[in-house]
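Biologist: I have a model open and I'd like to learn how to read its features one by one. Could you walk me through it?

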Amino acid sequence: MAKIPHRLYLTEDQMPTQWYNLRADMPAQHDPLLNPGTLQPITEPELYPIFCKELTHQEIDSATRFVDIPEEVQEIYKMYRPSPLCRAYHLEKALGTPAKIYYKFEGNNTSGSHKLNSAVAQAYYAKEQGITKLTTETGAGQWGTALSEACAYFGIDLDVFMVKVSYEQKPFRKAVMQVFDANVTPSPSALTEIGKKILAENPGTGGSLGCAISEAVERAVTTENCRYVLGSVLNQVLLHQSIIGLESAIAMEQLGEYPDVVIGCAGGGSNLGGLIAPFMRDKLTGKANPRIVAVEPASCPSFTRGKYAYDFCDTGKVTPMARMYTLGSGFMPAPNHAGGLRYHGMSPILSKLYHDGYMEAVSVKQTDVFDAAVFFAKNETILPAPESAHAIRGAIDEALRCKETGEAKTILFGLTGTGYFDMTAYAAYHDGKMVDHVPSDEELQKGFDTLPHIPQNEGI
């Protein structure tokens with residue numbers, strides 16, 4: 001039998017031409033977004049001042065199983081996709097495990113991550129609608145970089161509110177965004193009313209994704225011909241990111257493989273939701289029964305220690321409310337280096353699937369994550385982003401369990417991107433200056449105290 005190649009690339013004509021909408025196969029839908037003023041399910045027209053119309057439709061639509069990828073978006077995808085499915089032979093050998101480990105590597109583009117998959121789509125729909133300016137937030141900077149690229153391609157102005165702690169830790173991310181003409185502001189800032197309020201209440205804060213979302217939304221709704229776009233959490237984003245899982249499924253089928261375990265890092269849910277989409281479909285429809293595992297930081301444990309409740313998607317409480325696993329919109333995470341995983345909540349789709357028992361979640365400490373990142377880099381030659389390294393930690397732990405039991409499982413994990421802009425974090429790790437922060441129950445309660453007091457949350 002021929003040896004499976006280290007890296008498998010699909011050909012262009014094998015690439016998916018449709019995104020997959022996982023909601024169409026969910027036995028029960030997640031609860032609808034609520035208008036914070038009326039507490040009634042929000043309608044498409046109510047979202048038009050915030051999102052582009054087509055993206056709003058994708059956000060609400062739970063019936064359409066497959067959505068055609070516009071031809072212009074497909075052409076841009078072909079500049080950096082398909083991304084490779086890799087067999088981690090050297091990692092397997094170093095671990096001494098009977099498990100087969102595969103990873104889907106999304107770092108082969110300038111943004112260094114999977115974020116470009118949705119950025120291209122969202123910028124395209126904005127251009128089609130005639131929108132001339134977009135606003136967004138970014139944590140680690142990968143989404144801001146990706147959207148900067150997409151907006152530059154389509155000739156759209158972009159304002160990026162970057163979480164302050166990441167802005168300070170990763171200055172070169174700002175530089176890359178500026179290459180693509182984006183305007184980058186550390187958040188919270190004094191440029192918005194919400195930013196001023198947050199600074200007044202928390203003068204020394206390093207910010208959060210919730211804060212940055214608030215500022216970006218305020219800028220969007222107060223600026224002419226401007227809309228807001230988001231790089232994670234939303235249904236529309238998971239739809240676009242399904243190309244990751246669809247490509248993975250095609251490639252694994254060509255190799256005669258199927259994963260026993262699918263593992264992804266979890267912050268807001270974009271990579272995880274995209275990677276697991278076709279495998280979760282198989283699980284929901286009874287075709288197969290893979291384990292689906294989300295790996296999140298112990299410093300921001302939305303799944304493992306959060307509450308399943310309606311909450312605002314932002315700190316300033318200006319967005320619609322979503323039912324999700326959340327630490328409370330007022331939760332301020334510690335300045336850990338996995339900036340893309342510092343969001344207080346989780347995708348409503350993934351939250352519902354987790355709540356109904358279709359997937360698992362684990363939380364891991366930062367130093368354990370970097371142990372895994374360095375071990376992986378030494379054996380597979382790719383320096384992973386801190387976010388990606390959470391999935392690596394999960395995959396290594398699973399492979400070591402296989403070593404103990406003798407089970408030859410097939411493991412698939414998502415390598416969301418590269419860590420070459422995260423050298424401050426790697427330096428802190430090697431210098432012994434990296435610390436683990438696991439919030440106490442008292443700290444978490446401060447976040448839970450900010451949950452909206454509405455009838456839908458009674459008894460939580």
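This is a predicted model: local features need pLDDT of at least 70, side-chain atom pairs count only at pLDDT 80 or more; totals for chains, interfaces and linings use all residues.

Biologist: Where does D181 sit, and what is its phi near?

Modeller: Here's the general idea: most residues other than glycine have a negative phi, and most peptide bonds are trans. D181 has a positive phi, near 70°, although it is not a glycine. Its place is in the loop between α8 (171–179) and β8. Element names like these come from DSSP runs, numbered from the N terminus: helices are H or I with at least four residues, strands are E with at least two. N225 is another non-glycine residue with positive phi, near 55°; N225 lies in the loop between α10 and β9, and at 32% relative accessibility it counts as partly exposed.

Biologist: Which peptide bonds are cis?

Modeller: The bond from R81 to P82 is cis, with omega near 0°, and so is the one from S187 to P188, with omega near 10°. P82 is in the loop between α3 (71–77) and β4 (85–87), while P188 is in the loop between β8 and α9 (193–201).

Biologist: Now the whole chain. How many helices and strands does the protein have?

Modeller: There are 18 helices and 15 strands.

Biologist: How do I read a sheet? What is the strand order in the open sheet of four strands?

Modeller: Start with pairing: two strands pair if DSSP finds at least two bridges between them. This open sheet has the order β8-β7-β6-β9, with parallel pairing. β8 (183–187) and β9 (226–228) stand at the edges with a single partner strand each, so one side of each has no neighbour in the sheet. The twist averages 20° from one strand to the next. Such angles run from 0 to 180 degrees between N-to-C directions, with axes fitted to C-alpha atoms, for helices over the stretch in contact. Three bridges join β6 (133–138) to β9, and L134 stands opposite R227 in β9.

Biologist: Which strands does helix α10 touch?

Modeller: A contact means heavy atoms within 4.5 Å. By that test α10 (209–221) packs on the sheet and touches β6, β7, β8 and β9, its direction making about 170° with that of β6.

Biologist: And helix faces? Which residues of α18 are buried?

Modeller: The general point: an α-helix has 3.6 residues a turn, so residues three or four places apart point the same way. In α18 (441–448), L444, G447 and F448 are buried. Seen down the axis, the buried residues of α18 fall within an arc of 100°, so they line one face of the helix; the arc is that of the directions from the helix axis to the C-beta atoms. On the other side, E442 and K446 are exposed. The buried residues of α18 pack against α13 (302–305), β12 (307–312) and β13 (321–326).

Biologist: How does α14 look: mostly covered or mostly exposed?

Modeller: Mostly covered: in α14 (348–355), seven of its eight residues are buried. α14 is followed by G357, whose phi is positive, near 90°.

Biologist: Last one: which side chain does T326 make a polar contact with?

Modeller: A polar contact is a pair of N or O atoms within 3.5 Å; within protein, one must be able to donate a hydrogen and the other to accept it, and residues adjacent in sequence count only if both atoms are side-chain atoms. T326 pairs with the side chain of D311 (2.7 Å). T326 lies in β13 and, at 0% relative accessibility, counts as buried.

Key
Residues are numbered from 1 along each chain as its sequence is written. Side-chain values use heavy atoms; hydrogens and water are left out. Buried means under 20% relative accessible area, exposed over 50%, partly exposed in between (1.4 Å probe, protein chains only).
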